[in-house]
Amino acid sequence: MWIVLAVLAALALWAIFAFNRMVQLRMQAKAAWSQIDVQLRRRHELIPNLTEVVKGYMAHERGTLEAVTRARDAARSAGDDIPARIVAESALTGALTRMIGLAEAYPQLRASENMQMLQEELASTENRIAFARQHFNDCVMGFNTAIGTFPNLLLAGPMGFAPQTMFEADEASRAAPAVRL
Amino acid sequence: MTAPEPTRTERVNFHDELARRRRRGWVVTLVCLAVSAGVGLVLSAVVTPIVLLALGGLLKLVAGLGFTGTAAAAGVAAIHGFAAHHMDAFEALIDALDLIKGPGDLGLLLPYLARLSPVAVPALIAGALTWLWLRGLFLRAAGQDLVARLGARPARLDDLEERQVANIFEEVALGAGTPTPRLFLIDSPIVNAAALGGSPKDAIVLVTRGLLDGLDRDETEAVAARLVASIAAGDLRTAAGVMGVIHTFGFFLTILDLPLRWSAWRTLGGLLLTSVTPRPSAAAVARVGQGLEDGLQAELVPDIEQVLAKVPKPLQGIAKVLLVPWLLPLLVSLLYKAVLFLWTAFFVGPPMAMLWRNRCYWTDARTVKLARNPEAFARALEKIGAADPPAGAEAYGYLFIGAPTAERRAAANRKSMALALPPSVGQRIARLSAMGAGLRSSRVAGVDWTQVAAHPARALIVAGLTLLLGPLFLILFVMIGYLTAIVMTIGLAAGLGFVLWLI
């Protein structure tokens, strides 16, 4: 009688701990995802400053500058629709890379302290996005492993824990060279 | 001479390396726990009487002053009873020694030993409490105060290089999913960096200005990843734990040194003072740590010569005569110290160093997982090399990325145990090469057994050395065993006798 009760109590304790652990991992993944979002927004906010500085030197490249601004507006209006967002963001990455590449040809611009600072911020933001994505993927992997392995497996299905998808580096951003200083 | 060939290594995935280090970490931790407990058990013969004397003395003092007199008196009586009981058990054990006719009879001693074994309990409790106390003290001090002491300053965000470092730490912290540590810069040309603080929440990273100027963005990122990985993994607590064990042994050795050298009094006084000060300065704590480590390493007969040298020449004869009553406690103390020293040097130090080294490689693997750039990390390590920690941080050298290893420490003739802990840069780079960094012609310390096997002459030399050194080590261990037995006997008989007499 007591043994049965003890076993039941142990099972209940395990279920509580396992459930809490899985919820915790899911929240971590969610927080990691929102971090990517924060960093993408940070990039959007950098762009007006960047185009402002570049404009003075690169008057002939109006088309490139406009492309960057357009891509940024498109990315901003993509909202929370994730596939559309990913496409818009990688278009923005491509436009930015083209602009930075062109800026390399203007020695005065390159030497400007303002530009150096902005370029560092941009490089840092790109890195942040990459690191945030890596962390998100780590979290998703941790969560998926936790719900996919025995004995949590027994609990995950009935409790409604479904595996999440990782944020793979898409083709567009893989092709674009990373912004480096 | 031809240039040395790049070292060949087996490639390993960082996930596998992490798993291997995790397993080894568990094993080494268990070994360390077992060793510490075992050594504590052996040394308890020495430590228990000290603990009983200190506790009994304190209680007598309290009773004498009249506070809570009856409770104190009961405590004194309990200590007296404990000592008397174990004195009886000890005498029974000594009597039982006559029963031993050969090695087969050793089993007969077990019941007597079992009856005596509770004598270890006060020492083990005292040891554990001392460890917690010292660990807490050094954990608290290795933070903001150290920053202030080193003259570190926050990064200037209008400076491009410093802005970059601040950015890099934020990036890497995102990748690790930890809060960004607070960044402080030291205006020093030395290329080095350290992570301080007790937990990820109040973590501090120290970077020298020399590191900013000497490393490119990728390398700085790798260094930042190393520091953030170390913070996230809780290396700071492990380091404090390892140093706590070393300091605990140093503490008991320092107590044994009290009749022998003045600096022991100074260290102990400093320790008490820093413990009661709400916010002790890092300098004071570092001095105490150094003092405790000195206790572990000091020559066996330290201050007597110096004391005698200070006495004017005509009085030296009288001074020597005055020292005579001290000779017996001096001799006993020396014996105790010798045994404690041998045990810490042979049985505690190596597993602790192994634990910390494994931890170091483990964190290196985590760094690769975080920054995915083993090559940049290897380059950064090469540039940092075996750099010294910045002036004033020597006692915390093990927290820095580049810390002088044992060989360099010996060359610099420093006496800090802390500096002997980290593995050599060459070995760390070899592990990084295995995880994907480019191969280097760095010479890795240690014996390459495949090379030995390929050359019969070398194999012969190694075999000869083994044959020669094997018995020597055996003799050494037997001697340590005998010395320990003698000291345990004296410790229990004299120590418990003292307790019974005084308390």
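What we have here is a predicted model, in which local features need pLDDT of at least 70 and side-chain atom pairs count only at pLDDT 80 or more, while totals for chains, interfaces and linings use all residues. Residues are numbered from 1 along each chain as its sequence is written, chains are lettered from A and ligands numbered from 1 in the order in which they are written, and side-chain values use heavy atoms, with hydrogens and water left out.

Chain A has seven helices and zero strands, where helices (H or I, at least four residues) and strands (E, at least two) are DSSP runs numbered from the N terminus. Its radius of gyration, taken over C-alpha atoms, is 23 Å, well over the 16 Å that the globule rule (2.2 Å times the number of residues to the power 0.38) gives for 181 residues, so chain A is more spread out than a compact globule. The C-alpha trace of chain A spans about 85 × 30 × 25 Å along its principal axes.

Turning to chain B, B:I461, in helix α19 (residues 456-502), belongs to a nonpolar surface patch that also includes B:L465 and B:F473.

Finally, B:D88, B:E91, B:D95 and B:D98 gather in a negative surface patch, and B:D98, in the loop between α2 (69-96) and α3 (110-116) of chain B, is exposed at 60%.

Key
Patch = residues over 30% accessible without salt bridge, like charges linked within 9 Å, V, L, I, M, F, W, Y side chains within 5 Å. Areas by Shrake-Rupley, 256 points an atom, 1.4 Å probe, with all protein chains shown as cover. Salt bridge = Lys/Arg side-chain N within 4 Å of Asp/Glu carboxyl O. Lys, Arg positive; Asp, Glu negative; His and termini not counted. Charge placed at Lys NZ, Arg CZ, Asp CG, Glu CD. Buried < 20%, exposed > 50% of the residue type's maximum accessible area, 1.4 Å probe, protein only.
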